[in-house]
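Here are my notes for you, written as numbered points. Please keep the structure open while you read, and look up each residue as it comes along.

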Amino acid sequence: MAQRNAKISLKPSKSRAALTITHPNAAGIDIGSASHYVAVPPDRDDEPVREFSSFTEDLHALADWLKACKVDTVAMESTGVYWIPLFELLESRGFTVLLVNARHVKNVSGRKSDVLDCQWLQQLMSYGLLRGAFRPVDAICVLRALWRQRGMLLRSQGRQVQHMQKALTQMNVQLANVISDVVGETGQKILRAIVAGEHDGQVLAAMKDARIRASHAEITKSLQGNWRPEHLFSLQQALAMFDFIGTQVAECDREIEEQLRALQTHDGEPPEGKKKARARNAPKFDLRTQLFKMCGVDLTRIDGINVTTAIAVISETGNDMSRFPTVGHFTSWLGLCPGTKITGGKVMSGKTKRVANRAAQALKLAAAALRSSQSALGAYFRRLCARMDKPKAVTAAAHKLARLIYMMLTKGEEYTDQGQDYYEERYRERVLRQLAQRAEKMGMRLVPGEIVTP
């Protein structure tokens, strides 16, 4: 053992390149809510670390000082949204700005202060040891902000539905037990009649749509309550707020439509495909056509992806995939690709990394909807569910959807579903080929046999 250890060389490898300064004109900024600490190379100013307030006038002074110090690259670290005004200002002034992950610069123990943080950022950036977070172009950022605003409004509207259901329950009006959706067509008619003063169960039950499975007698029975005035007032307030948020959602849809028209780079109409049911909360305008004119391909042809999923992904990533060199970079940014935790030559874990990515969340919801799809992707997802637990199968299927989106946007080719039978036949061929290889290793040979039917 001693002789074997003596052969181990402790000298550094000559092939490993030494650290060199790749960004000599880099600056580091530690972002705060009230002030920002900025560090430039020590030879650029007698006071290489300065503090600037977060007022707009001071932000312009910060940019002027960086120009005077001949800085061209800026690395900043922040949590929350305090970085956005300074990021946009510096980017408009011609600086290359990188927003870095705070966890990537906290691996060195020692004293913690704003001055040391900005100096450490500047040093790491000078040696090219930091990578900036992905941020799409400004036009896509506008679309992303609008779509996120719309999502926030829909969540607020959902809370008002809960308030309406609570008021009904307090009055012992069991409408939710006979109608699946209290804000559907029938539910809206009944709720508005109740707020207007109509409390006769027979009259209210006559408003039901023909598609409601519950009988007239069941609905009448469910609408017998105590009709206390304080609960009626709560119901009226929740319904009014629900309607107001609905008008805000409509205004947001108009802004989204205008922004999509500004992003159009292709002509024509999307090709005919399988008719998909309209998503309940989808915008009222022709979103599918607008996305096709923006991307040049129809992402909704992929099974499981509807218009709301497509715009959720496009609003986060944009239609230009050149920022991601390969499909692996794209799926890694989404947090959908397997992890590579290897120690001692042994794979310890292949768990995906935890990220808060809205595009990945939308793709996971789309993947979960493949369970009942009679398509190749549906068969693929069901086979994954048979091999592993449901969350892992959803992540794996979302990973496949992300790869398809990347290929469509980069190559400009439409997706064509080969069908469930095609996938099953390919899977059978793959299994037979693997069995034949295993049999050959054992000195045997597979021979097709006759199928005996009882």
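1. Let's begin with His231. Its relative accessibility is 14%, so His231 counts as buried; the scale used here calls a residue buried under 20% relative accessible area, exposed over 50%, and partly exposed in between, with a 1.4 Å probe and protein chains only. His231 sits in helix α9. Helices here are DSSP runs of H or I with at least four residues, strands are runs of E with at least two, and both are numbered from the N terminus.

2. Which side chain makes a polar contact with the side chain of His231? The partner is Gln170, at 3.2 Å. A polar contact is a pair of N or O atoms within 3.5 Å; within protein, one atom must be able to donate a hydrogen and the other to accept it, and residues adjacent in sequence count only if both atoms are side-chain atoms. Leaving out residues up to four places away in sequence, His231 touches Ala167, Gln170 and Met171. Contact, here and below, means heavy atoms within 4.5 Å.

3. A word on where this comes from. The model is predicted, so please remember that local features need pLDDT of at least 70 and side-chain atom pairs count only at pLDDT 80 or more, while totals for chains, interfaces and linings use all residues. Residues are numbered from 1 along each chain as its sequence is written, and side-chain values use heavy atoms, with hydrogens and water left out.

4. You will find Gln188 in helix α6, residues 185-196. Gln188 counts as buried because its relative accessibility is 13%. Its side chain makes a polar contact with the side chain of Arg192, at 2.6 Å. Not counting residues up to four places away in sequence, Gln188 touches Val182, Val183, Leu239, Phe242 and Asp243.

5. Now look at the inside. In soluble globular proteins, nonpolar side chains tend to be buried together. A nonpolar core is a set of buried Ala, Val, Leu, Ile, Met, Phe, Trp, Tyr and Cys residues joined through side-chain atoms within 4.5 Å. The largest one here has 61 residues, and Ile256, Leu260 and Leu363 have the most contacts inside it. Several helices supply at least two residues each to this core, including α5 (138-170), α9 (229-262), α13 (358-368) and α15 (390-411). Of these, α15 gives the most, with 10 residues.

6. Ile256 touches Leu143, Leu146, Trp147, Arg150, Phe285 and Ile311, not counting residues up to four places away in sequence. Apart from this core lies another, of 26 residues, among them Met171, Leu175, Ala193 and Ala238.

7. How many of the residues of α11 are buried? The count is 11 of its 11 residues, so to speak a mostly covered helix. Among them are Val307, Ile311, Ser315 and Glu316. The buried residues of α11 pack against α5, α9, α10, α12, α13 and α15. Just after α11, Gly318 takes a positive phi of about 85°.

8. Backbone angles deserve a glance too. Most residues other than glycine have a negative phi. Lys70, which is not a glycine, has a positive phi near 60°. Lys70 is in the loop between α2 (56-68) and β4 (73-77), and at 66% relative accessibility Lys70 counts as exposed. Asn172 also has a positive phi, of about 60°, without being a glycine. Asn172 is found in the loop between α5 and α6, and its relative accessible area of 44% makes Asn172 partly exposed.

9. Finally, step back to the whole chain. There are 16 helices and 7 strands. The radius of gyration, taken over C-alpha atoms, is 30 Å, whereas a compact globule of 454 residues would have one near 22 Å; that globule rule is 2.2 Å times the number of residues to the power 0.38. The C-alpha trace spans about 90 × 80 × 55 Å along its principal axes. Of the 454 residues, 40% count as buried. Among contacts with a separation of 6 or more, 66% come from residues 24 or more positions apart.
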